[in-house]
Amino acid sequence: MTETRRTVRLKPKAEARAIRHGFPWVYADELVTDRRTQALEPGSLAVLEDGERRPLGLVTVNVKSKIIARMLDCDPEAVIDEAWFAARLHRALDMRARLFDAPFYRLVHAEADGLPGVVIDRFGDVAVIQPNAAWAEAHLEALAAALRAVTGVGTIIKNGTGRARGLEGLTEETAVLSGGIDAPVPVQMNGATYMADVLGGQKTGLFFDQRPNHAFAARLAKGARVLDMFTHVGGFALAALAGGAESALAVDASAPALALAAEGAKATGVADRFSTRQGDAFDVLETLGRERAQFDLVICDPPAFAPAKPALEAGLRAYERIARLAAPLVAPGGYLVLCSCSHAADLTAFRNASARGIGRGGRRAQVIHTGFAGPDHPLLPQLAESGYLKAVFFRLD
């Protein structure tokens with residue numbers, strides 16, 4: 001190690017054992033925040049010690065965040081450089097290369113892949129980095145260089161948007177770090193073609209996490225009339241059509257997203273069975289209810305209604321309302337798929353809220369399947385928050 005590193009220390013009553021066993025975060029009320037610690041720049045590196053001054057590893061510190069320290073390496077003398085990033089990227093790439101025939105997947109899923117606060121989605125020759133933590137922003141050049149070396153991608157985009165960056169005290173910015181791109185990227189999944197707007201779309205341009213749930217829904221879709229709420233760029237609708245659905249109506253509040261969905265339908269060869277409706281999802285569900293519309297398969301995949309614990313109760317009420325409005329639209333014997341990407345709402349709470357809504361909608365249901373994010377979104381066992389996505393498949397009477 002070429003320089004003397006600062007040290008930060010857990011309070012005596014903090015649970016050091018959890019960190020030794022793999023928990024990656026230290027909360028602000030667990031760390032001694034003396035003047036030296038308060039003076040550290042966001043994203044600074046420091047050696048974390050327990051209350052008895054025994055080293056636990058190398059952390060990054062951001063005193064502006066509720067997650068004041070994130071574990072980077074169990075070796076307190078680790079050097080965070082291009083080689084360090086490359087080692088983690090090689091490990092992440094090895095698993096994805098075994099799982100997927102084509103290079104379209106989430107390459108790095110933050111803490112679960114050893115890069116806390118970092119998300120990287122790969123779209124063939126294009127990679128999109130979301131540096132959602134201050135340390136990643138500070139080391140972005142080395143990360144991008146390692147990404148080019150390990151994967152060979154020609155274009156790297158920084159997507160510096162979203163709630164997580166605000167919590168870290170970071171500004172919003174989207175930039176092309178290398179290469180160039182001027183058109184949506186076509187992505188083949190589950191027999192459909194999706195158009196990913198990697199520069200101006202939501203998140204990184206496409207939601208890879210729903211891939212296995214799209215596939216399960218497609219198995220239910222043969223010959224079915226499908227309603228896909230919060231469709232984004234075609235989501236469940238295009239997979240259902242590729243699986244033999246009779247028709248699909250895709251609903252979203254974003255006109256640009258629906259335009260990309262229509263492009264995807266054309267590229268998939270299902271444009272004649274695909275239609276869109278722009279509008280607020282709750283309003284559209286209420287309108288369809290008044291019209292007594294009926295579908296054999298209804299999917300609701302909303303944004304996170306409960307992104308954090310303070311929003312949990314309101315979020316659960318919103319999920320219940322979605323279920324109540326959607327249930328009457330399902331034909332007898334049809335299927336209702338309800339999804340949540342809320343960290344704060346665990347599976348039991350979400351499923352119970354959904355069941356209440358279905359009951360209030362005048363229907364009875366059985367759960368036939370519960371889906372989660374795909375294997376390119378691995379879980380860190382010690383961090384429940386990494387298992388955010390739930391998809392519950394109901395069959396209605």
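Trainee: How many residues are in the largest nonpolar core?
Mentor: There are 43 residues in it. Keep in mind this is a predicted model. The residues with the most contacts inside that core are F123, V187, Y194, V198, L206, V226 and F274.

Trainee: And which helix gives the most to this core?
Mentor: That's α8, residues 235-242, which puts in six residues.

Trainee: Let me pick V226. What is V226 in contact with, leaving aside neighbours within four places in sequence?
Mentor: Quite a list: A221, A240, A245, S247, A248, L249, F295, L297 and I299.

Trainee: What else is there in the way of cores?
Mentor: Another core, of 34 residues, lies apart from the largest one. F305, A318, I322 and I358 are among its residues.

Trainee: Switching to rings. How many aromatic pairs does a search of the whole structure find?
Mentor: Twelve. One of them is F23 with W25, an edge-to-face pair at 6.2 Å centre to centre with 75 degrees between the planes.

Trainee: Why does that pair count as edge-to-face?
Mentor: Because the planes are 75 degrees apart, and over 60 counts as edge-to-face.

Trainee: Are F23 and W25 buried or exposed?
Mentor: F23 is buried at 17% relative accessible area, and W25 is buried too, at 11%.

Trainee: Which residues form an aromatic cluster?
Mentor: F282, F305, Y319 and F350 form one.

Trainee: Last one, R5. Where is R5 placed, and is R5 buried or exposed?
Mentor: R5 sits in the segment before β1 (6-9). R5 counts as buried because its relative accessible area is 15%, under the 20% cut-off.

Trainee: Which backbone oxygens does its side chain reach?
Mentor: The side chain of R5 reaches the backbone oxygen of A78 at 2.8 Å. A polar atom of that side chain also lies 3.2 Å from the backbone oxygen of P76. Leaving aside neighbours within four places in sequence, R5 has contacts including L45, V47 and L58.

How values were computed:
Residues are numbered from 1 along each chain as its sequence is written. This is a predicted model: local features need pLDDT of at least 70, side-chain atom pairs count only at pLDDT 80 or more; totals for chains, interfaces and linings use all residues. Side-chain values use heavy atoms; hydrogens and water are left out. Rings of Phe, Tyr and Trp (its six-membered ring) pair if their centres lie within 6.5 Å; planes under 30 degrees apart count as stacked, over 60 as edge-to-face and the rest as tilted. Buried means under 20% relative accessible area, exposed over 50%, partly exposed in between (1.4 Å probe, protein chains only). A nonpolar core is a set of buried Ala, Val, Leu, Ile, Met, Phe, Trp, Tyr and Cys residues joined through side-chain atoms within 4.5 Å. Helices (H or I, at least four residues) and strands (E, at least two) are DSSP runs, numbered from the N terminus. Contact means heavy atoms within 4.5 Å. A polar contact is a pair of N or O atoms within 3.5 Å; within protein, one must be able to donate a hydrogen and the other to accept it, and residues adjacent in sequence count only if both atoms are side-chain atoms.
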